[in-house]
Amino acid sequence: MEEAPSSTYQDELEWCIRQLELGLLQHNASSKQVQEAQFTLKVLRSQKAPMVKKRQVMKQVFGDYRQLMTKERQKAERLAKKPMKAQIKHGDTKSSGSVIYKKCMSENSESPRELF
């Protein structure tokens, strides 16, 4: 299996910015954490900030962000390769004679997830 090409600086920067934005949207953070995240985003988005400073901020916030990116990419690849089973179930027949079908997809047959 071939390894994915090494990340470029721009890819790393975009990944860090996306992770910070997702963290702000998903977590109930204190006002201090929100301010720190906003400051970090400001530095990472800045055109004037040198690349060295941006890398320092990314390392400070995320630790080994390159390893985290690799793990996320591998997880996405693993999920993409995992086969999903589709099932069609008969719904209730109405008095008008129409039939309703439900399409379900599941990772295994014991726990189907409804799509519609």
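Which residues lie nearest the centre of the largest pocket? They are Leu-20, Gln-33, Glu-36, Ala-37 and Val-61, out of 15 lining residues. This is a predicted model, where local features need pLDDT of at least 70, side-chain atom pairs count only at pLDDT 80 or more, and totals for chains, interfaces and linings use all residues. Residues are numbered from 1 along each chain as its sequence is written, and side-chain values use heavy atoms, with hydrogens and water left out.

A pocket here is an open set of points on a 1 Å grid over the protein atoms alone, where a 1.4 Å probe fits, with protein on both sides within 12 Å along at least five of seven lines; lining residues have an atom within 4 Å of a point. The largest pocket holds about 360 Å³, a volume being the space filled by probe spheres set on the points. Helices α1 (9–26), α2 (31–45) and α3 each give at least two lining residues, and α2 has the largest share, five. Helices are DSSP runs (H or I, at least four residues), numbered from the N terminus.

Next, the helix pair. Helix α3 (residues 51–62) packs on helix α4 (residues 65–81) at about 65°, axes 9 Å apart; axes are lines fitted to C-alpha atoms over the stretch in contact, and angles run from 0 to 180 degrees between N-to-C directions.

Last, salt bridges (a side-chain nitrogen of Lys or Arg within 4 Å of a carboxyl oxygen of Asp or Glu). The count is three. In one, Arg-55 meets Glu-12 at 2.7 Å, N to O. That pair joins helix α3 to helix α1, 43 residues apart.
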